Each structure stands twice: as C-alpha cells, then as structure tokens.
Amino acid sequence: MAVIKSTVDTKSDAYRKNFETMSERVGLLKERLSEARETRSEKAKSRLAEQNKLSVRERLYQLLDRNTPFLELGALAAYGQYDGKVHGAGSVMGIGVIHGREVMIHANDPTIKGGTVYPMGVKKTLRCQAIAMENRLPTVYLIDSGGAFLPLQSEIFPDIDDGGRVFYNQAMMSKMGIPQITAVMGLCTAGAAYIPAMSDEVIHVKGTGAIFLGGPPLVKAATGEVVSAEELGGADLHCRKSGVSDYQAENDAQALSMVRESVRQLPRTKKHPLAMEAPKEPLYDPEEIYGITSHALKIPYDVREIIARLVDGSDFHEFKPLYGPTLVCGFAHIYGYPVGILGNNGILFSESALKATQFIQLCDKRGIPLVFLQNINGYIIGKAYEAQGITKDGHKMVNAVATATVPKFTVMVGASFGAGNYGMCGRAYSPRLLWSWPSHEIGVMGGEQAAGVLVTVKNDQLAREGQPPLTDEMVDQIKVPVMEAARKEGDAYYSTSHLWDDGIIDPKDTRTVLALSISAALNAPLRDDKEGYGVFRM
Ligand code: COA
C-alpha cells in the first residue's frame with residue numbers, strides 16, 4: 001500500500017479562502033445548470049401541454065432504468081450564445097442505462113424554439129455520435145425538432161462538420177454494428193427525416209410525430225397541394241403504407257416503453273474485463289478538494305492532495321517519484337477500476353515530458369486507462385531549455401498521448417495553456433470524455449503574456465522603421481482588448497458553451513464521473529488494432 005499522507009491544514013486561512021471561492025463557483029454552476037434544465041417560457045410549456053407531450057426531462061425519466069445514473073454531457077452547450085436561451089444547445093444528451101445496458105441518448109427539447117437545430121446543436125449531435133462510436137454505445141434518438149434553425153442555416157448545412165455529417169455518421173455507426181433506435185415524438189422535417197430513416201428501428205407517436213422531406217407549408221408553396229402534417233408524414237402513413245417507421249405508439253409514454261423494449265431485445269455484448277479491485281472510498285473527504293485548489297491559478301498546490309481525494313483508499317503507487325517532479329504519475333484505482341494518473345505540479349520540463357512518455361507507454365502496454373489532471377501553463381521556455389531539447393522531449397509526450405489507444409480521460413482542474421494542453425490530453429487528443437472544474441481557464445497563453453508579445457512585436461517593428469516606441473496609452477490600446485478577450489474566452493463557461501469539454505462538474509463528483517466514464521468506455525475493445533507508436537525523435 002502506498003497511501004498518500006495528506007498534509008493539508010483544513011484550519012488554515014488559505015484553505016478557508018480556497019474553500020469559499022470554490023463553494024461560490026460550484027453554487028454558480030448549480031444555478032446555471034438548473035436554469036438550463038428547468039427555465040422555460042410559459043408559452044412553450046403550455047404549447048407542450050396542449051399537444052399532450054412530455055417534457056424532455058420527463059421523457060428521459062421514463063426512458064431510463066429507475067435509480068440509475070444519467071451522465072449528462074454538454075448540459076451548458078451554447079451557454080450565453082444566441083439569445084442566451086438556447087439551453088443545452090436545444091437538446092439533452094448523455095449516457096444512461098436501459099435494461100441494465102449503457103446507452104447513448106440524444107433528445108431534442110421542443111420547448112426551445114420548436115427543438116430547432118442551431119449550429120451548436122449540430123456540434124452536440126456530432127459529439128454524441130463520436131462518443132457512441134468510440135465507446136460502441138447503442139444510441140437512442142428522441143426526435144422532436146423543427147429542423148434547421150433557418151436564420152442560421154448557412155452555419156449548419158454544408159461543411160464537413162455540419163448537418164449532413166449527422167446522417168453520414170449514422171451510416172458509419174450502422175456499418176460498425178452500433179444499434180440506433182429512434183422515437184419520432186414530434187417533427188422530423190427535411191434533413192432531420194433522415195435520422196429515423198437511417199436508424200435500425202423507428203417508433204412513431206400517433207398524432208404528434210411526423211416525418212417528411214418537405215412539411216405542409218413547403219408542399220403548399222411548391223405544388224399547391226394542401227395537406228395536414230398527419231396525412232403527409234404521420235404514424236399511420238409511415239407504419240402502414242410507406243414503411244419508414246416500424247412501430248406505432250399511442251403517446252409519448254408508450255413510445256418510451258417501446259424504445260426500452262427494443263433496447264432489451266438487442267444482443268448482449270460483453271464489456272472489456274479490467275483487473276478490478278474491490279472499490280474503496282478515499283481516506284479523505286473529496287469535498288476537501290475545494291480548500292486545496294487555489295482560489296487563484298497562479299498559486300501552486302500539490303496535485304497529490306487532489307489524487308488522495310479521488311482514488312480508492314487514497315492509495316497511489318507513484319512512478320519515478322524522484323524524477324521530473326513537476327509531473328506526478330502513478331497507478332491507482334477509482335471505484336475498483338485500475339487507472340494511470342498524470343497530474344501537473346508545475347511547468348513541464350524535459351524530464352517531466354520523458355517521464356510522461358514512459359508512463360503513457362507503460363499504461364498503454366498494460367491496458368490501463370489513463371486519467372489526466374490538467375493544470376498546466378505550458379512547457380518550459382528559454383535558451384538553456386531549447387538547447388537541452390525541450391521541443392523534442394515535449395514532442396515525445398505529445399506523440400505518446402496521441403497514439404496511446406487505451407481509453408483516456410481528461411479533467412481540466414485548472415490552467416490549460418499552450419502546448420501543455422496537447423501533452424496533457426486536451427480535446428484534440430481524443431480523450432474519451434473531457435470534464436472541467438469551474439476553476440478551469442484555457443488559452444494559447446495567458447492574456448497578460450499574449451498582450452506582452454503583441455507589444456514587443458509592435459515595438460520591434462517601430463524600431464526597425466526608426467520610429468519611437470509605443471507610448472503608455474498606445475500600449476494600453478493594444479493590451480486591453482487582448483486581455484479582455486483572453487479573460488472572456490478563457491473562462492470555463494466559454495469552453496463548455498463551445499463544447500470544448502463534455503461538461504463542467506462539481507470537483508467533489510469527479511471520482512464518480514470518472515468511474516461512469518470508464519465504465520462506458522469498456523463497451524468498446526480496450527485498445528484498437530492499430531496499436532503502436534510513430535517515430536520518437538531522440
Ligand atoms: N427555424 C427557426 N425558427 C423556428 C423554426 C425554424 N425551422 N421552426 C419553428 N421556429 C420557431 C417559431 O418561430 C417559434 O418561435 P417563437 O417562440 O419565438 O415565436 C418557435 O420556434 C416555436 O414554434 P411554434 O410553431 O410556435 O411551436 P409548435 O410547437 O406549434 O411547432 C414546429 C413547432 C417545429 C412543429 C413548427 O414550428 C414548424 O413546423 N416549424 C417549421 C418546420 C420546418 O419546416 N422546418 C424546415 C427546416 S429544415
């Protein structure tokens with residue numbers, strides 16, 4: 001046993017100040033989540049009731065096994081974008097349990113502009129499908145959508161990662177053998193008609209569900225034909241005549257129970273077995289993380305104190321503890337699942353990058369999932385370090401992170417700046433899931449540094465031209481907007497709004513969220529058959 005002995009003084013002023021700051025941040029997170037989940041206009045709510053439809057949350061409640069976790073993803077997607085009311089980008093997505101089986105779910109929210117699809121909504125659906133493909137999760141779509149949000153149609157239609165990709169992905173998922181089941185609980189208009197059409201099984205609600213390439217207004221405009229939505233694409237037509245849908249449901253509740261039945265009928269697949277241990281609680285209360293993470297990113301703390309509150313029994317077998325001390329690596333278990341953890345304890349030096357590379361290879365060869373606790377300002381810079389080859393050592397770490405094929409998970413616990421984002425498995429390095437804490441900040445570099453670079457570049461240019469350097473006022477004119485943009489765009493809510501993560505979580509839930517994430521990942525083979533590395537520059 002290598003139990004971490006905490007040295008945190010929970011009575012100290014610093015602890016108290018950190019605790020207060022994180023508590024406020026978590027309070028704000030809860031407020032924003034509840035606004036996104038619950039605040040809807042009276043008009044939208046009464047329209048739902050008139051149509052005898054369930055709310056999207058009630059639909060999920062009826063769909064999922066009782067008393068099982070729903071790992072919601074992208075809950076604050078589109079936060080603050082558009083008119084600030086396109087909560088969750090107009091849909092709910094997550095990994096839930098149906099008849100004991102983990103399933104990826106994507107459900108439109110008809111109370112947000114008729115469930116229409118905004119640009120961030122497309123991004124969210126594509127993320128849903130990427131997760132389903134990586135983790136081989138059967139996917140359920142609950143469709144209730146007016147299709148493209150027409151005023152922004154150019155931003156969601158033609159590009160490689162726009163609307164068409166949703167149906168392309170459905171074809172690829174089908175080819176991969178990932179079951180897709182759709183419940184038509186509202187409109188599936190135009191492109192959206194392909195969601196049911198490309199699914200394996202379609203359940204269609206009579207009276208409210210309709211599928212058509214062109215809705216009644218378009219048909220009237222194009223051909224003069226006057227036809228109701230039910231006649232043009234209702235359940236009776238599609239279940240009895242066209243064959244587009246497979247099962248007819250009388251109402252939402254029946255449709256949801258039919259989806260459950262379709263999932264129950266799917267052939268059972270075996271999850272990848274990991275060498276599990278009996279789960280144990282950490283020796284220290286996970287809520288103490290609030291008092292450990294500094295109220296300001298600049299103030300360092302020991303990441304082992306976080307690890308002690310995440311892992312079973314606070315038991316952490318640290319790898320190379322005396323070498324490359326700015327990166328802490330080691331083996332542990334979370335709810336019994338074996339994990340290899342990498343956590344930042346400062347800037348990345350050559351030694352820390354080399355240690356990371358070796359550790360990632362070890363975990364990859366042994367089939368141990370990787371967890372990155374990212375709090376990084378970047379790799380060390382300066383003449384001596386360049387001469388020592390920091391770039392080629394950083395490259396080895398980036399190469400290993402990119403090519404390791406065991407499931408990777410990233411938690412943005414603090415800073416994420418520069419190439420440190422890459423080495424510590426940022427979004428572009430395909431962690432299966434990526435979570436943020438409310439304290440997270442991100443950017444190519446900090447705002448102060450970015451502004452400083454631009455001032456230096458301008459002064460160098462002026463010197464070349466024989467001009468006097470910038471005045472203080474001119475310096476401010478350059479610095480202020482750059483720093484303001486960095487502050488706004490570096491914020492955790494900006495990140496989550498743009499789906500650079502899968503959600504902001506309460507730090508004390510991290511252990512549970514990671515365990516659920518690992519569990520979902522085990523539905524896919526642990527490693528792909530293209531295991532191996534590229535060329536490491538020596
Ligand atoms: N683009 C932009 N806004 C749309 C929209 C679209 N495709 N479809 C609906 N909306 C808006 C409405 O203007 C309304 O906005 P408001 O609340 O600010 O007034 C809101 O969504 C709700 O629409 P409403 O018609 O009042 O609700 P409903 O529940 O009765 O019907 C739909 C919802 C989606 C069935 C219906 O609005 C509809 O048929 N939309 C057009 C669908 C279509 O032809 N889409 C083609 C796009 S590919």
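**Exercise 1.** How many residues surround the ligand, and which are the closest?

*Solution.* This is a predicted model, in which local features need pLDDT of at least 70, side-chain atom pairs count only at pLDDT 80 or more, and totals for chains, interfaces and linings use all residues. Residues are numbered from 1 along each chain as its sequence is written, and side-chain values use heavy atoms, with hydrogens and water left out.

Step 1. A residue is near a molecule if one of its heavy atoms lies within 4 Å of it. The ligand is surrounded by 14 residues, the closest being Arg47, Lys113, Gly146, Ala148 and Leu150.

Step 2. Sort this shell by residue type: six are nonpolar, five polar and three charged. Here Ala, Val, Leu, Ile, Met, Phe, Trp, Tyr, Cys and Pro count as nonpolar, Asp, Glu, Lys and Arg as charged, and the others, Gly among them, as polar.

**Exercise 2.** Describe polar contacts of the ligand and its burial.

*Solution.* Step 1. A polar side-chain atom of Arg47 is 2.6 Å from a ligand oxygen, and an N or O atom in the side chain of Lys43 is 3.3 Å from an oxygen atom of the ligand. At Gly146, a polar backbone atom lies 2.8 Å from a nitrogen atom of the ligand.

Step 1. The ligand taken alone exposes 870 Å², of which the protein buries 58% (Shrake-Rupley method, 1.4 Å probe).

Step 2. Helix 2 (42-50) and strand 5 (180-189) are the elements that give two or more residues to the shell. Helices (H or I, at least four residues) and strands (E, at least two) are DSSP runs, numbered from the N terminus.

Notes
Polar contact = N/O pair within 3.5 Å; in protein donor to acceptor, adjacent residues only side chain to side chain.
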